[in-house]
Each structure stands twice: as structure tokens, then as C-alpha cells.
Amino acid sequence: MWPLVLWLFVGSWCLGSAQLLLRKVKSVEFTVCNETVVIPCFVSNVEAQSTKEMYVKWKLNKTYIFNYDGNRNNSIVESNFSSAKISVSELLKGDASLKMDKRDAVVGNYTCEVTELIREGKTVIELKYRVASWFSPNEKILIVIFPILAILLFWGKFGILTLKYKSTRTSKKIILLLITGLMLTIIVIVGAILFIPGEYPVKNASGLGLIVISTIILIFLQYNVFMTAFGMTSFTIAILITQVLGYVLAVVGLCLCIMACEPVHGPLLISGLGIIALAELLGLVYMKFVASNQRTIQPPRNN
């Protein structure tokens with residue numbers, strides 16, 4: 001009886017040791033921001049003393065794409081996965097992960113097969129592609145809404161200027177403001193169309209650049225509206241300084257975001273655009289207040 005129990009115990013132990021234990025990883029993801037894709041494969045009970053005892057095979061679905069023969073220290077790579085490789089120096093630590101350039105990565109089920117002399121094991125990992133939005137939906141909305149709101153506020157000031165002040169001397173300035181305002185409106189609309197959809201291609205960055213950089217026109221429009229209406233006062237100067245500060249913050253945020261695939265400085269950019277819109281609101285309120293206290297807005301006198 002006891003010899004039979006001992007034989008069963010030894011047999012089960014030997015059977016267990018004949019299997020390599022691979023860490024279970026259901027899936028990994030990569031995005032447009034990845035330059036390299038790594039599909040993990042880790043063996044927890046490697047006992048080999050040399051990589052000559054190790055063999056690694058990777059296949060996508062049912063097709064082998066990578067083979068490493070430790071005895072010959074040779075790798076065979078399928079032509080469509082030319083960048084695929086493993087770190088041979090890490091094999092004895094149990095790391096048989098497959099690395100490849102993003103251009104070679106194909107979504108699907110990858111099987112990692114590791115052999116150590118007579119022991120072997122395998123695991124299946126699914127590679128997924130995740131769409132990485134350059135900005136969150138809420139951030140995109142704010143980035144578009146603030147400049148559009150600022151433009152609408154400008155048109156409010158333009159309306160007050162047109163209704164409250166009429167003279168031949170300023171008609172050319174009003175026409176110039178009208179043309180410039182229309183150009184700015186078109187630029188921001190085009191920028192929004194380029195910026196909103198999709199991931200982070202060149203057109204998204206171009207759209208964001210159009211939106212942010214063009215807001216400098218609002219500063220000149222605000223200045224000219226003030227000068228045409230009633231000249232510069234301490235309050236209007238403060239409004240313009242605030243607007244310039246907002247523009248600087250927006251441009252700095254833009255530069256930091258352009259340099260990152262997944263920007264973390266979006267709030268800085270949004271804050272700058274928000275300050276620009278706030279300055280336009282203050283300008284409209286101040287202009288409305290001044291206009292309501294006189295029949296017409298008189299232009300500043302030239303000394």
C-alpha cells in the first residue's frame with residue numbers, strides 16, 4: 001500500500017515539474033502614441049542555466065511569426081513582422097516577451113510557447129488597439145466653445161459700436177473691424193472642423209493651432225473697438241492686459257500639448273482661452289455701461 005502511495009506522489013510531482021508555469025495575461029493594448037508594442041510572456045519557474053536550453057515560439061492566431069532556437073542562438077522572423085524580437089539576456093529570468101515596432105503590430109491572439117529541455121508551457125494574449133483621444137470630449141468642447149464665445153462677444157461690441165456711433169470719419173474703421181471679425185470667425189470655424197474629429201493626426205494639431213493662434217486677432221479688435229468708441233481708460237487697459245495674459249497662457253499650453261501625444265497640459269490651454277473670453281465679456285459689459293450713459297459714443301479727440 002505505502003509503495004503505491006509513494007509512487008503516486010513522486011509521479012504527480014514529476015508531472016507537475018514537467019510543465020513551465022506562465023503568467024496569465026488576458027490582453028494588452030496599444031495606441032497611436034506607442035512607438036513599440038510589447039506582448040508580455042513571463043515564466044515563473046525557469047530552471048535552465050543557459051539559454052542553449054531554451055526555445056521560444058510566437059504565433060499570431062495559427063501562424064508562427066517568431067522562433068528562437070537557443071541551442072543555435074538563432075532567431076527566425078516572419079517577413080511581415082521584421083521588427084519582432086525577444087530579449088535573449090532576459091530569458092533565464094523568465095521574460096520571453098515579444099517586442100515589435102508599432103507598424104508591425106497586428107490586432108489578434110498571440111500565443112507564446114516556451115520550451116526548456118523537456119519542459120514546456122504556453123499562454124495566449126490578445127493584442128488590442130485602443131483609440132487614444134488627444135483631448136477628452138469635455139476638453140474639446142471647452143477648447144472650441146471659449147473662442148466661439150469670445151467672437152460672439154466681439155460681435156456684441158461691434159453691434160453697440162455700429163448703433164451708437166455713426167460718422168464718416170469712423171466708417172472705414174468699422175468696415176475694417178467687420179472684415180477682420182468675419183475672417184477670424186471663419187478661421188476659428190475651420191479650426192474647429194479640423195480639431196474635433198478623430199485621434200491625433202496632423203489635421204487635429206493644425207485645427208488646434210488655427211483656433212489658438214488666431215485669438216490674437218481678438219486683442220487687436222478689442223483695442224480698436226475701444227479706441228474707436230471712447231479711447232483708452234485705466235479699465236480698458238486692464239482688460240487688454242488680462243486678454244494678453246490669457247493669450248500667452250493659451251500659446252504656452254498649445255506648445256506643450258503639441259509636443260505630447262497624450263497632452264497633460266490641456267487645462268493650461270483651456271484656462272488661457274477662458275481668460276480671453278472673460279476679457280471679451282468684460283469689454284462688452286464696460287462698453288454697454290458707457291453706451292447706456294450717452295446718446296452716442298464719441299471718439300477720442302486727437303490733440
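## Helical segments and salt bridges in a predicted model

Over residues 238–261 the chain is 88% helix and 0% strand, with the end C-alpha atoms 36 Å apart, where helices (H or I, at least four residues) and strands (E, at least two) are DSSP runs numbered from the N terminus. This is a predicted model, in which local features need pLDDT of at least 70 and side-chain atom pairs count only at pLDDT 80 or more, while totals for chains, interfaces and linings use all residues. Residues are numbered from 1 along each chain as its sequence is written, and side-chain values use heavy atoms, leaving out hydrogens and water.

The unreviewed UniProt entry annotates residues 141–163, 175–196, 208–226, 238–261 and 267–287 as "transmembrane region"; such annotations may be inferred rather than shown by experiment. Residues 141–163 are 100% helix and 0% strand, and their end C-alpha atoms lie 33 Å apart.

A salt bridge is a side-chain nitrogen of Lys or Arg within 4 Å of a carboxyl oxygen of Asp or Glu, and by this rule there are nine. Three of these pairs are listed here.

| Pair | N to O distance |
|---|---|
| Glu29 and Arg130 | 3.2 Å |
| Glu90 and Lys93 | 3.7 Å |
| Arg103 and Asp104 | 3.9 Å |

Glu29 lies in strand E1 (residues 27–30) and Arg130 in the loop between strand E8 (119–129) and helix H2 (137–164), so their pair ties together parts that are 101 residues apart in sequence. Buried means under 20% relative accessible area, exposed over 50%, and partly exposed in between (1.4 Å probe, protein chains only). Arg103 is exposed at 62%, whereas Asp104 is buried at 8%.
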